[in-house]
Amino acid sequence: MAADTVLDLLARGADSAPAIGAPEHKPLTFARLRELAARTMADLNAMGIGRDDRVAIVLPNGPEMAAAFVVVASCATTAPLNPAYRADEFEFYLTDLKAKALLVQQGEDTPARAVARKLGVPLVEVVPDRGKGAGFFMLKPEKPMAGKPAKSGKAGPDDIALVLHTSGTTSRPKIVPLAQRNVCASARHITQTLSLTPSDACLNIMPLFHIHGLIAAVLSSLAAGGSVVCTPGFNALRFFAWLDEVKPSWYTAVPTMHQTILARAERNTEIIARAKLRLIRSSSASLPPQVMTELEKVFGAPVIESYGMTEAAHQMASNPLPPRARKPGSVGIAAGPEVAIMDQEGNILPKGALGEIVIKGPNVTAGYEANPAANASAFSNGWFRTGDQGTMDEEGYLRITGRLKELINRGGEKVSPLEVDETIMDHPAVAQVVTFAMPHDKLGEEVAAAIVLREGQSATEREIRDFAAKKLADFKVPRKVVFLAEIPKGATGKLQRIGLAEKLGLGA
Ligand code: AMP
């Protein structure tokens, strides 16, 4: 029987087998991980937190974050947040989530603490206990917490395991609820695509507040009874030392990370010769075919490009492992959900036609939270519209050709241009602002903003960037700011973000 709760997924690994690791630390075994899940369930329930209650998590990347995700998801709803957020961003997310508690790491200073106190969200410290294995921890509430949850014990298949925000067509990000059965289906799909087994070990360099790392690296490894070794996050200078120490069988990353790794490969040929990589996975942004070819040559392992999305609990399509063909420039074949191409009217199009990529399957969210308008436009005849444009060839390989949604994909990090607009509009000298994607050789896209100043006012690029950086995490701050007398309009007189870079001479 397929496991459709996170706790059931954790039941698969052998007691003494490693589940979660970290460089230079003793791994946490599956027995210990299950002990941690049981203890966390009892502790959270005693604090009045139970099934479908939301626990926001702001932890540094690493084994505690991976462990907290799976054990809290076993009995409540996890809401991991990017630790790089500014106070204003935390305030929005914690309020929007109606979080019942916020988990932070002992000794870690984060603006999220002050925000939680201001909002009256109880703070619970995660106290690492690496002696029991990487990722083991105790929970310590800042103030005594007691209560009785509405629903206690183990989460059921339809309970929400994970909520993440996704950049929307408004400046307010939308909440994507993912049920236990959604995340378990996605983990199972990835396990099958990559033929993961208990002998696999994934080196995690992805952030663990994003769907890619949470599901592809952590949950699918554990679902296979294999292990995930959690680094503090991608670091080009340390990557090869980790590779040498951990000897992972695979890793998954965004294209920019692969490019940075390749740039340092020549200096690390001995480590590469000793490496035991069975495969390398790439997702979240388009992988240039040259990078794929080069990676395969350098590491002597197949590079599997996959197509993922938060609303799909990550994987939708993937290139298959050999002996089946990998097609450079394609994101592969349907790998879990059904995948099709749809026209604007909601008709499924024949092979070869260009249209919107749509999906349907057990990994797909039931819909955005409290957002009927977004759901009405996102779902057509039972299919979820990805907002990506593409074609499918005769063999079922999908190619992404463009994007219908307003979003900037900065090397896999998604930025809502509207959120940036709204922040910059608060600057007193700004009359009008349009944030847009500017082509970038490594990241694919970079954030840029075109601004019209108020009459008689002045501001420099630096001032605007500093102003934005007070409210927005670094990756959202425009790298380029241009001042214009007027913002160019499209043929219909509408402001158009898409194509603006080219119009302004900032194209590739
Ligand atoms: P996220 O929800 O952050 O995972 O972002 C999902 C979006 O990332 C998709 O809708 C695509 O626009 C983009 N994306 C994911 N994987 C790929 C890929 N392999 N190639 C191109 N774009 C991708």
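R403 is partly exposed, with a relative accessible area of 24%. Partly exposed lies between buried, under 20% relative accessible area, and exposed, over 50% (1.4 Å probe, protein chains only). The structure is a predicted model, in which local features need pLDDT of at least 70, side-chain atom pairs count only at pLDDT 80 or more, and totals for chains, interfaces and linings use all residues. Residues are numbered from 1 along each chain as its sequence is written, and side-chain values use heavy atoms, with hydrogens and water left out.

The side chain of R403 meets that of E445 in a salt bridge, at 2.9 Å from N to O. A salt bridge here is a side-chain nitrogen of Lys or Arg within 4 Å of a carboxyl oxygen of Asp or Glu. R403 belongs to strand β21 (residues 398-403) and E445 to strand β25, so the pair ties together parts that are 42 residues apart in sequence. Strands (E, at least two residues) and helices (H or I, at least four) are DSSP runs, numbered from the N terminus.

The structure holds 33 salt bridges in total. One of them joins D200 and R278, whose closest N and O atoms are 3.0 Å apart. Both partners sit in loops: D200 between α6 (180-193) and β10 (201-204), R278 between α10 (269-274) and β13 (279-282). The pair therefore ties together parts that are 78 residues apart in sequence. D200 counts as buried, at 6% relative accessibility. R278, by contrast, is partly exposed, with a relative accessible area of 31%.

R385 and E356 form another salt bridge, with the closest N and O atoms 2.7 Å apart. This pair links distant parts of the chain, 29 residues apart: R385 is in strand β20 (residues 383-392) and E356 in strand β18 (residues 355-360). R385 counts as buried at 12% relative accessibility. E356 is also buried, at 11%.

Salt bridges also form a network, which links R51, D52, K151 and D159. D52 has a further feature, in its backbone. Its phi is positive, about 70°, although D52 is not a glycine. Most residues other than glycine have a negative phi, and most peptide bonds are trans. D52 is found in the loop between α2 (30-46) and β3 (54-58). At 32% relative accessibility, D52 counts as partly exposed.

A313 is another residue other than glycine with a positive phi, near 50°. A313 lies in the loop between β14 (303-309) and β15. A313 is buried, with a relative accessible area of 0%. The peptide bond from P322 to P323 is cis, with omega near 10°.

The domain assignment gives domain 1 (6-16 + 26-179) and domain 2 (407-503). These bounds come from an automatic or database domain assignment. Domain 1 gives 12 residues to the contact and domain 2 gives 15, where contact means heavy atoms within 4.5 Å. The domain centres, taken over C-alpha atoms, are separated by 34 Å.

The size of an interface is often given as the accessible area lost when the parts come together. Between domain 1 and domain 2, the buried area is about 980 Å², and carbon and sulfur atoms give 45% of it. That area is the accessible area (1.4 Å probe) that the two parts lose on being put together, summed over both. Three salt bridges are counted between domain 1 and domain 2. The side of domain 1 that touches domain 2 has three nonpolar, six polar and three charged residues. In this grouping, Ala, Val, Leu, Ile, Met, Phe, Trp, Tyr, Cys and Pro are nonpolar, Asp, Glu, Lys and Arg are charged, and the others, Gly among them, are polar. Elsewhere in the salt-bridge set, the side chains of D474 and R86 meet at 2.7 Å, N to O.

Helix α13 (residues 417-425) has P417, E419, V420, D421, T423 and I424 as its buried residues. These residues pack against α4 (87-97), β22 (408-410), β23 (413-415), β24 (430-440), β25 (444-453) and α14 (461-471).

Helix α9 (residues 255-263) contains T256. T256 counts as buried, at 13% relative accessibility. Neighbours within four places in sequence aside, T256 is in contact with G411, K442 and L443.
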